[in-house]
Amino acid sequence: MTAIAFAGSGWVTAIHGLAAAGVRDLRVVHVASRSPRAARRRASQVGAVACTYADLPGGAEAVVVATPPAQHLVEARRAVEGGAGVLVEAPLAATLADADELVNLAEDGGLVAYGENLVHAPAVAEAVRAVRRLGTLTFLEVRLAQGQPDRRGHLRPQWGGGVLFDLGVHAVALAMLLAAPARVVEVEARLDTPEGLEVDDDARLTLTFDSGLRAQVRATWRAAAPAWDAQAASADGAARLDLVPEPAVELNGAPIRLPDAPDDLSSPQLYYLGYTPQLAALAADVAANRAPRTSAALGRTVLDVVCAAYVAAGRGRPEPLPFAGPRDRTPHQLWQDAVEEAARAAGDGTDAEDAERDGIDHG
């Protein structure tokens with residue numbers, strides 16, 4: 001039996017709690033939160049004991065760090081120093097400086113997994129195999145679309161960014177998985193935000209890979225109904241992946257059979273979106289004391305692309321990768337800095353308001 005704890009009691013821990021119930025020999029023993037009431041509520045749902053952050057890991061062998069991103073490093077370090085492994089929710093951190101420290105924590109012997117559940121999704125695995133059969137890609141498009149979250153913290157600059165930082169990290173990771181072994185060398189971006197919201201709610205990226213592929217990636221909170229999908233093509237064929245609302249993979253128009261989800265789950269999407277396989281992998285990694293497949297280094301690479309995209313949107317021009325900008329600023333701060341920089345660089349009568357419209361399109 002592997003004992004895990006939750007650092008945080010937000011909505012994603014509800015998903016992890018349901019997923020944990022579907023993983024054999026795994027149990028949640030503690031839930032910590034800055035709100036004792038929230039900790040008690042989530043703990044009662046998963047059959048655990050509520051506690052404070054200072055009590056962690058509290059005997060747990062692994063801790064799922066699901067706090068706001070700015071707290072990820074603190075809670076991951078607390079868990080590792082307490083002898084536990086960690087699964088750090090996406091995005092990995094609020095700044096690249098914190099991401100560097102998490103990678104260092106892993107390199108110093110800590111078990112630090114990055115919470116990109118789509119890496120463990122069966123449909124994604126089948127899609128990756130299908131794309132490999134296509135040969136050199138000439139087209140790749142990834143779209144993750146859904147409505148605006150009702151979680152107020154995610155809609156504030158203090159979270160670190162908007163839809164690109166929140167939902168977009170999964171879209172970027174998926175594009176990287178499908179295009180591998182090619183690597184991203186440049187990003188272009190357009191970020192939009194509606195009146196009354198300070199963070200971006202619609203992001204359109206062009207990722208240029210060292211293979212010459214220019215992939216289109218979109219993350220948006222403007223959809224009436226959720227739709228997560230991807231399409232890839234080469235001179236020899238095409239593949240399609242659907243994750244939401246229903247998982248499906250096609251190669252040259254022919255459907256690929258996906259494995260059946262376990263019938264004891266509260267929802268098959270816990271399996272098809274990779275949540276139960278992710279926790280099963282965490283338990284296996286802890287038991288074997290081995291490095292996780294989804295490493296902190298992966299999370300840092302994704303955040304590197306995202307930070308560069310925010311700067312590219314603010315400056316209105318492509319940004320090369322790896323990102324060479326400040327590592328102590330959140331993506332949202334980098335965006336605002338870039339907009340102000342563009343206004344200063346104009347120097348020909350273009351005022352800050354005009355520059356802001358170039359980098360932040362309200363609509």
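Which residues of helix α3 (residues 72-81) are buried? In this predicted model, they are His72, Leu73, Glu75, Ala76, Ala79 and Val80, where buried denotes under 20% relative accessible area, exposed over 50% and partly exposed the range in between, with a 1.4 Å probe and protein chains only. Helices (H or I, at least four residues) and strands (E, at least two) are DSSP runs numbered from the N terminus. Because the model is predicted, local features need pLDDT of at least 70 and side-chain atom pairs count only at pLDDT 80 or more, whereas totals for chains, interfaces and linings use all residues. Residues are numbered from 1 along each chain as its sequence is written, and side-chain values use heavy atoms, with hydrogens and water left out.

The buried residues of α3 pack against β1 (2-7), β4 (62-65), β5 (85-89), α4 (96-107) and β6 (112-115), contact being defined as heavy atoms within 4.5 Å. Gly83, which follows α3, has a positive phi near 90 degrees.

Helices α7 (residues 168-179) and α10 (residues 296-315) pack at an angle of about 110 degrees, and their axes are 10 Å apart. That angle makes α7 roughly perpendicular to α10. Axes are lines fitted to C-alpha atoms, for helices over the stretch in contact, and angles run from 0 to 180 degrees between N-to-C directions; those under 35 degrees count as roughly parallel, over 145 as roughly antiparallel, 65 to 115 as roughly perpendicular and the rest as oblique. On the α7 side, Val169, Val172, Ala173 and Met176 meet Leu298, Thr301, Val302, Val305 and Val306 of α10. These contact residues comprise 8 nonpolar, 1 polar and no charged; Ala, Val, Leu, Ile, Met, Phe, Trp, Tyr, Cys and Pro count as nonpolar, Asp, Glu, Lys and Arg as charged, and the others, Gly among them, as polar.

Pockets and cavities were then examined. On a 1 Å grid over the protein atoms alone, a cavity is a set of points where a 1.4 Å probe fits but cannot get out, and a pocket is an open set with protein on both sides within 12 Å along at least five of seven lines; lining residues have an atom within 4 Å of a point. Grid points are joined across faces, edges and corners, and a volume is the space filled by probe spheres set on the points.

The largest pocket has a volume of about 1300 Å³. Its lining contains 45 residues, with Trp11, Val12, Arg151, His154 and Trp159 nearest its centre. By class, this lining has 21 nonpolar, 17 polar and 7 charged residues, and α1 gives the most to it, with 3 residues.

The second largest pocket, of about 550 Å³, is lined by 20 residues, of which Met176, Ala182, Arg183, Leu298 and Thr301 are the closest to its centre. Elements giving two or more residues to this lining are α5 (122-132), α7 and α10, and the largest share, 4 residues, comes from α10. The lining of the second largest pocket has 15 nonpolar, 2 polar and 3 charged residues.

A search of the whole structure finds 1 cavity of 30 Å³ or more. The largest cavity has a volume of about 40 Å³, and its lining consists of Ala127, Val131, Leu178, Ala230, Gln231, Ala232, Ala239, Arg240 and Leu241.

Ala248 lies in strand β13 (residues 248-251) and counts as partly exposed, at 31% relative accessibility. Residues up to four places away in sequence aside, Ala248 touches Arg240, Leu241, Asp242 and Leu258.
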